[in-house]
Amino acid sequence: MDRNLALEFVRVTEAAALSCGRWIGRGDEKAADHAAVESMRKAFDSISFDGTIKIGEGERDEAPMLYIGEKVGSGQGPKIDIACDPLEGTSITAQGRSEALAVIAAAEEGNFLHAPDTYMQKLACGPQGRGVIDIRESPTWNVKKLAEATGRDVEDLMVIILDRPRHEDLIAEVREAGARIRLIGDGDVSAAIATAQGETGVDLLMGVGGAPEGVIAAAALRCLGGEMQGILKFRKEDEKERARKMGITDFDQIYSHEELASGNVMFVATGVTNGSYLKGVRYNSYGATTHSIVMRSESGTIREITSRHHFSKKPNYGW
């Protein structure tokens, strides 16, 4: 992939963040998501590439905007598969809480797992835990092994988990093992990334979240040198049937981050609300300021970009 595409895609996540940022704290998840989706699509279509949404807002009949299989871009140029979440953290944004992002992962054609819109059990860590963690083992086993690998006590580790009723047993076991826990209401892409960003204080992601988000998180961890493992968790029989149509036959397969997002990948995110590593959108008299991160697996380069947007001079993608 042309490395210049990464910087083009920053403009796309910026556009989404600038649009949905207007809805921070206003209690309307649908309006915030709609604003992000519409701006992301318009911005995509200004870029010279032949893109296909592989991970998006759902299937066409369920989500008419940025659906799986939708074509984006000018149609001219390299064929690129896109995994995106125009607003990762709709409830976070609606409630005005932290860690909401506009996110894109990109790979050469055929390198993303064609994940159905179902759940995925996930285990993720930063570079220090690579080759150490094992989703087949218990949470207790994993926190102890990571503690050993990093030369720390279990009590020093922080595990991030979605605050859901389905995680009651998981939370109880992690606490019994002695590790600390950060419970989050939403946003497990940013949670997975946090495990590979030392300044966040997060060491492990555990639990069950969305499978599409798992693919996006895997792309980010490929760039950051971390590790992620996932197992699809189907809620209904019709989800298995959709998975079969997507080419998935082993419903118990353990996916590595290289299998979820293979080849050369790019990851781009712009903060919507303030987070542990990205600042949120800040509006001012001339427009707004955004904070983004751009990563490439091929080079290992990580760029942080602060952009000042003068609304009177910039293309309007809906903000």
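Visitor: Where is Ser190 found?
Guide: In this predicted model, Ser190 lies in helix 6.

Visitor: Buried or exposed, that Ser190?
Guide: Ser190 counts as buried, because its relative accessibility is 4%, under the 20% cut-off.

Visitor: And what does Ser190 touch?
Guide: Leaving aside residues up to four places away in sequence, Ser190 touches Glu88, Glu99, Leu101 and Tyr277.

Visitor: Changing topic: how many cavities of 30 Å³ or more are there?
Guide: A search of the whole structure finds two.

Visitor: Which residues line the second largest cavity?
Guide: Its lining consists of Glu99, Ala100, Leu101, Thr273, Asn274, Gly275, Tyr277 and Leu278. By class, four are nonpolar, three polar and one charged.

Visitor: Now the largest nonpolar core. How many residues has it?
Guide: That core has 49 residues, and Phe112 and Phe267 have the most contacts inside it. Among the elements giving two or more residues are strand 4 (101-108), helix 6 (188-194) and strand 11 (265-271).

Visitor: Which element gives the most to this core?
Guide: Helix 7 does, with 10 residues. The core also draws at least three residues from each of domain 1 (3-110 + 265-310) and domain 2 (119-260).

Visitor: What does Phe267 touch?
Guide: Not counting residues up to four places away in sequence, its contacts include Val103, Ile193, Ile216, Cys223 and Met295.

Visitor: What of the second core?
Guide: It is separate and has 37 residues, including Ala6, Val10, Ile47 and Leu87.

Notes. Residues numbered from 1 in each chain as written. Predicted model: local features only at pLDDT ≥ 70, side-chain atom pairs only at ≥ 80, totals over all residues. Heavy atoms only, no water. Core = buried A, V, L, I, M, F, W, Y, C linked by side-chain atoms within 4.5 Å. Buried < 20%, exposed > 50% of the residue type's maximum accessible area, 1.4 Å probe, protein only. Helix = DSSP H or I, 4+ residues; strand = E, 2+ residues; numbered from the N terminus. Domains from an automatic or database assignment. Contact = heavy atoms within 4.5 Å. 1 Å grid on protein atoms, 1.4 Å probe; cavity = no way out; pocket = protein on both sides within 12 Å on 5 of 7 lines; lining within 4 Å. Points joined across faces, edges and corners; volume = space filled by probe spheres on them. Nonpolar A, V, L, I, M, F, W, Y, C, P; charged D, E, K, R; others polar.
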